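Hi,

Here is the structure I promised to pass on. Have a look first, and then read my notes on the side-chain contacts below.

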Amino acid sequence: MHKTNQFIYLLLFLICGSNSVAQEKMELGTLTESEKSFALYEKDTTASAVYLYEYGDNYFEIRDDYIWLITKYHAKIKILKKEGFEHANIEIPLYRTKDRKEKLVNVKAITHNNQAKIYVNKSEVFEEVVSEKGSLIKFTFPNVQEGSIVEYEYEMQSPFYFNFTGWNFQSEIPKIYSEFNAKIPGNWLYNRSLKGGLSLDVNEAEIVKGCFKFPGTKRDSDCEALKYVIKDIPAFKDSEEYMLSSNNYRSKIEFELSEYKSFYGGTEKYTKSWEDVDKEFKTDQDIGSQLRKKNFFEKNVDQKLLTEGDDLTRAKNIYQFVKNHFTWNEEFGIWHNNKVKTAFDDKTGNVAEINIALINLLNAADLKSDMMLMATRKRGLPKKTHPVMNDFNYLIAKVDIDGETYLLDATDKYMPFGMLPFRCLNYYGRVMDFDNESYWYDILPESSNAIMIRAQMTLDPFNKKLSGIFDFINTGYKKVSQDEILETTKEEEYLEKLEEEISDDFHIISHEKNLKYSDDKKITERFNFEIENLFQGDNIYLNPFVIKFFEKNPFVSTERNYPIDFGYPMKYQYILNMKIPEGYKLKSLPEGKNFTLPNSGGLLKLSVIDNESGTLNLFFTFDLNSAHYSNEYYSGIKQLFNEAVNGQNQSLIVLEKI
């Protein structure tokens with residue numbers, strides 16, 4: 001590895017502990033006194049189970065004249081509650097190809113119940129093939145109960161050097177102690193990085209001379225011996241809403257094979273530069289050659305599509321044409337067997353085929369368009385330090401028109417020009433400009449995304465009901481979602497569901513889509529409605545929020561150790577005008593609210609005004625001005641949502657008869 005790279009990777013690790021933190025390797029079946037008496041994890045009393053101890057050892061070894069990557073694993077898990085019984089079901093993934101496969105040996109497992117030890121029989125450990133390239137070793141601990149300690153160890157033998165990928169320190173339950181060891185011969189060079197917000201308690205590296213002996217060669221290989229430890233690891237709870245892939249935030253050490261030096265001479269590089277990748281893409285059959293099909297598309301579309309109108313008009317027409325022509329088959333498929341001509345003829349294709357067709361058509365119309373590689377939100381963020389092509393699972397089109405840049409994905413029929421599907425809102429991508437050099441480009445979401453409700457209500461004491469009109473206005477990504485609902489749902493079903501969600505006493509009299517005030521990024525609907533059962537004796541009790549934006553607070557954890565990501569900024573607004581009927585006076589109004597996030601990050605405002613003209617005006621605004629927030633904002637955002645939920649659910653207007 002180049003000395004500069006070694007220095008960079010060294011800086012990724014924080015030395016923040018001493019050797020005293022590390023434990024001696026424990027033997028299977030032996031419990032310490034503290035493990036025997038362990039009853040409650042005070043640092044997380046909600047935990048249903050906790051790792052008392054976790055140990056991994058990785059090294060290379062020659063067996064039967066073949067080099068194997070050996071992984072030894074040992075873990076003890078304390079079951080604290082019935083909800084933790086699921087952690088007594090063990091699944092260990094194995095990888096395979098046509099010629100070789102990983103295998104598991106020396107699997108041993110014990111359930112500890114006080115002084116009793118119940119062993120898992122070999123016959124109870126079985127392998128389940130789940131795909132052409134993968135299988136699972138599965139077993140379940142016997143006699144598990146609250147208070148049990150389940151302990152197991154195994155040895156994995158792998159012929160795949162690239163499967164030395166690292167160690168996951170953090171999981172869905174806490175860990176008291178987790179230790180990773182590795183001994184890597186100098187013939188294998190791995191890039192490594194520490195992810196997540198936790199620091200290492202032990203970070204040791206030393207050179208072991210002549211540790212690896214390869215038959216038939218005169219030189220032995222030195223090894224780098226590594227030891228990493230983290231204590232008191234909190235659970236990673238990814239069940240909360242509004243986050244990117246947990247792959248970005250779970251604490252782990254990642255290894256990626258960079259280079260292999262053969263014992264017989266010669267070097268094979270696995271990590272390449274972007275310059276190398278750019279060159280390979282130009283000739284790649286699945287990507288590069290598919291991007292040079294503009295002659296095919298010129299011959300197979302109406303020439304007016306490519307020539308009529310100014311640049312922006314042509315781009316929009318082409319984008320609309322591709323959306324209408326293709327049906328997305330729900331596959332991404334960017335690396336294998338892409339055939340854009342076949343997909344065009346069949347009118348169906350994966351993400352790559354549809355968007356490569358879009359790029360070809362834009363270029364055929366003399367609109368310079370490039371492919372942009374990216375990862376979806378669930379995939380994780382691509383590494384910027386060096387190319388890791390497996391980080392990418394998606395591609396879109398980037399086109400520049402009159403000084404403006406537009407990112408396009410034609411797989412979603414409801415997506416307006418210049419907006420990407422929500423799955424694509426993942427910070428940045430790599431633009432493959434084959435005429436120059438590839439480069440990173442930031443993904444900026446649509447800024448105007450709102451749900452707005454403007455309502456007018458009239459109370460009728462004689463018939464004891466309320467009648468009114470409300471306009472339901474959706475913009476940006478909210479409009480895209482509403483478009484799909486209206487397009488895929490029969491109107492009768494749509495209105496029935498809306499009535500059920502609001503109240504049994506709420507009835508829609510009529511509904512129309514007000515196209516006069518709608519466009520490609522805004523849709524307006526108008527509802528005429530009635531509400532019954534508001535009168536209790538001589539008084540009227542009304543929650544003024546006909547439609548509630550938030551039924552409950554999506555944030556429930558006491559703390560959050562990773563960012564909050566909404567994908568795009570958003571705004572909710574509710575405006576109500578209501579006339580107080582003759583013979584009634586105002587008895588009580590909802591309390592006003594005014595809450596803001598630091599640095600203009602967001603706000604909540606609720607006010608109700610009693611006008612002298614005998615009308616009430618309610619104004620509610622909820623703004624999240626950023627798509628992304630650091631975890632330092634978590635308590636504020638949690639409170640912001642809490643105030644919004646309470647403001648809607650607990651608001652009450654009371655009118656009493658004079």
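**Charged pairs and rings**

Glu-33 and Lys-36 join their side chains in a salt bridge, at 3.5 Å from N to O. (By salt bridge I mean a side-chain nitrogen of Lys or Arg within 4 Å of a carboxyl oxygen of Asp or Glu.) Both residues belong to helix 2 (residues 33-37) and sit three residues apart, about one turn of the helix. Helices (H or I, at least four residues) and strands (E, at least two) are DSSP runs, numbered from the N terminus.

Before you go on: this is a predicted model, where local features need pLDDT of at least 70 and side-chain atom pairs count only at pLDDT 80 or more, while totals for chains, interfaces and linings use all residues. Residues are numbered from 1 along each chain as its sequence is written, and side-chain values use heavy atoms, with hydrogens and water left out.

(Buried is under 20% relative accessible area, exposed is over 50%, and partly exposed is in between, using a 1.4 Å probe and protein chains only.)

How many salt bridges does a search of the whole structure find? It finds 32. Another of them links Lys-213 to Asp-220, with the closest N and O atoms 2.8 Å apart. Lys-213 is exposed at 56%, and Asp-220 is partly exposed at 35%.

Asp-391 and Lys-383 form a salt bridge too, at 3.7 Å from N to O. Asp-391 is buried, at 13% relative accessibility. Through shared partners, salt bridges connect Lys-195, Lys-252, Glu-254, Lys-383 and Asp-391 in one network.

Now the rings. The whole-structure search turns up 63 aromatic pairs. (Rings of Phe, Tyr and Trp, its six-membered ring, pair if their centres lie within 6.5 Å; planes under 30 degrees apart are stacked, over 60 edge-to-face, and the rest tilted.) Tyr-249 and Tyr-562 have ring centres 5.7 Å apart and planes at 15°, so they are stacked. They link distant parts of the chain, 313 residues apart, and both Tyr-249 and Tyr-562 are buried.

Phe-566 and Tyr-629 are edge-to-face, because their planes stand at 85°, with centres 5.9 Å apart. Phe-566 and Tyr-629 are buried as well.

Lastly, the charged end of Lys-76 sits over the ring of Tyr-53, 5.7 Å from its centre. (That needs NZ of Lys or CZ of Arg within 6 Å of the ring centre and within 35 degrees of the ring normal.)

Cheers
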